[in-house]
Amino acid sequence: MTDKLIVEKQGNVAVITMNNPPANTWTEESLKGLVQVVKDLNADRDIYSLVLKSDSEKFFSAGADLNLFADGDRSVARDMARYFGEAFETLSQFRGVSIAAINGWSMGGGLEVALACDIRIAEEQAQMALPEAKVGLLPCAGGTQNLTMLVGEGWAKKMILCGERVKAPKALEIGLVEEMVETGKSAERALELAQQVAEQSPTAVAACKQLIQSNRTQHWDQGYILERELFVDLFHSEDQKEGVNAFLKKRAPQWKNR
């Protein structure tokens with residue numbers, strides 16, 4: 001674990017707070033820590049969702065510390081690219097729902113970690129960019145791929161190739177974020193949404209997320225087949241029986257996540 005990430009559990013929600021002042025830059029320690037945190041949360045069957053937020057009023061995250069790359073050491077570059085990739089891919093594969101509460105500047109790896117989440121809530125003053133090309137680098141933690149999937153090739157090229165910085169209203173318009181809220185309200189709204197997840201069957205949510213994200217790597221036709229297979233697989237779960245019977249008996253379901 002690392003003190004650069006603070007984990008607090010609130011019912012079925014885990015809140016992960018980035019705690020590396022002043023700008024919440026990512027380090028080898030915090031990236032490896034994120035991998036371990038998500039793995040631990042995956043193993044905790046009482047956790048259905050997570051919220052990623054910042055302890056800073058100005059920054060969500062400024063990404064990588066460029067001092068690491070100042071001397072052009074390729075071995076350092078290779079290692080850090082691997083740490084970033086492993087961390088954010090692990091976050092993307094979290095079995096529950098991940099929500100980023102973007103409350104300020106979200107740059108480079110700071111935007112990429114938000115892109116690795118399922119849902120993004122941005123405060124009205126937040127600004128987002130992938131400015132790596134301005135310093136002779138490129139987004140290496142999923143940015144080129146995840147951004148394109150969210151906003152399309154045109155806006156991905158505008159942000160990455162032209163260095164376009166996007167403010168929250170425009171981010172909402174182009175689909176980079178799913179919701180915009182007032183200043184100071186992103187964590188609160190993200191938590192509300194995360195708590196909504198507990199109303200859903202966690203086994204069904206995990207299966208649905210797998211299906212949605214499978215579209216990234218396989219053809220639609222394969223997704224249709226997998227959809228039917230996972231539907232039947234849910235009938236091996238206790239949650240399936242609980243959900244249907246709770247509805248029929250007009251009571252709230254008591255999920256067991258199995």
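Author: The side chains of E28 and K32 form a salt bridge, with N and O 2.8 Å apart; the term denotes a side-chain nitrogen of Lys or Arg within 4 Å of a carboxyl oxygen of Asp or Glu. The coordinates come from a predicted model, in which local features need pLDDT of at least 70 and side-chain atom pairs count only at pLDDT 80 or more, while totals for chains, interfaces and linings use all residues. Residues are numbered from 1 along each chain as its sequence is written, and side-chain values use heavy atoms, with hydrogens and water left out.

E28 and K32 are four residues apart in helix α1, and therefore about one helical turn separates them. Helices (H or I, at least four residues) and strands (E, at least two) are DSSP runs numbered from the N terminus. E28 is partly exposed, at a relative accessible area of 35%, and K32 is likewise described as partly exposed, at 42%. Here buried means under 20% relative accessible area, exposed means over 50%, and partly exposed lies in between, for a 1.4 Å probe and protein chains only.

The loop between β2 (13-18) and α1 (28-43) contains P22. The peptide bond from P21 to P22 is cis, with omega near 5 degrees. N24 also lies in the loop between β2 and α1; although not a glycine, N24 has a positive phi of about 55 degrees. Most residues other than glycine have a negative phi, and most peptide bonds are trans. N24 is buried, at 2% relative accessibility.

N24 also belongs to the lining of the largest cavity, together with K4, L5, M18, N19, N20, T25, W26 and S30. A cavity is, on a 1 Å grid over the protein atoms alone, a set of points where a 1.4 Å probe fits but cannot get out, and lining residues have an atom within 4 Å of a point. The volume of the largest cavity is about 40 Å³, taken as the space filled by probe spheres set on the points, which are joined across faces, edges and corners. By this rule there is one cavity of 30 Å³ or more.

Which residue forms a salt bridge with R120? The partner is E178, and the closest N and O atoms are 3.4 Å apart. This pair links distant parts of the chain, for R120 is in strand β7 and E178 is in the loop between α5 (168-174) and β10, 58 residues apart. R120 is buried, at 2% relative accessibility, whereas E178 is partly exposed, at 38%.

Strand β7 (residues 119-123) has four of its five residues buried, so the rest of the structure largely encloses β7. Strands pair if DSSP finds at least two bridges between them. Strand β5 (residues 97-102) pairs with β7 in the parallel sense over four bridges, and A101 stands opposite I121 in β7. Strand β10 (residues 179-181) runs parallel to β7 and is joined to β7 by three bridges; E123 stands opposite V181 in β10.

A further salt bridge joins the side chains of K185 and E188, at 3.7 Å from N to O. K185 is partly exposed, with a relative accessible area of 36%, and E188 is also classed as partly exposed, at 44%. Elsewhere, salt bridges that share partners connect D79, R82 and E86 into one network. E188 is placed in helix α6 (residues 186-197). Between E188 and V51 there are 137 residues of separation in sequence, and their C-alpha atoms are 9.9 Å apart in space.

For the structure as a whole, the count of salt bridges is 15. As to covalent links between cysteines, a search of the whole structure finds zero disulfides, each being a pair of cysteine sulfur atoms within 2.5 Å. C208, for its part, has its nearest cysteine sulfur, that of C117, 19 Å away. C208 is partly exposed, with a relative accessible area of 45%, and C162 is exposed, at 59%.

Technical notes:
1 Å grid on protein atoms, 1.4 Å probe; cavity = no way out; pocket = protein on both sides within 12 Å on 5 of 7 lines; lining within 4 Å.
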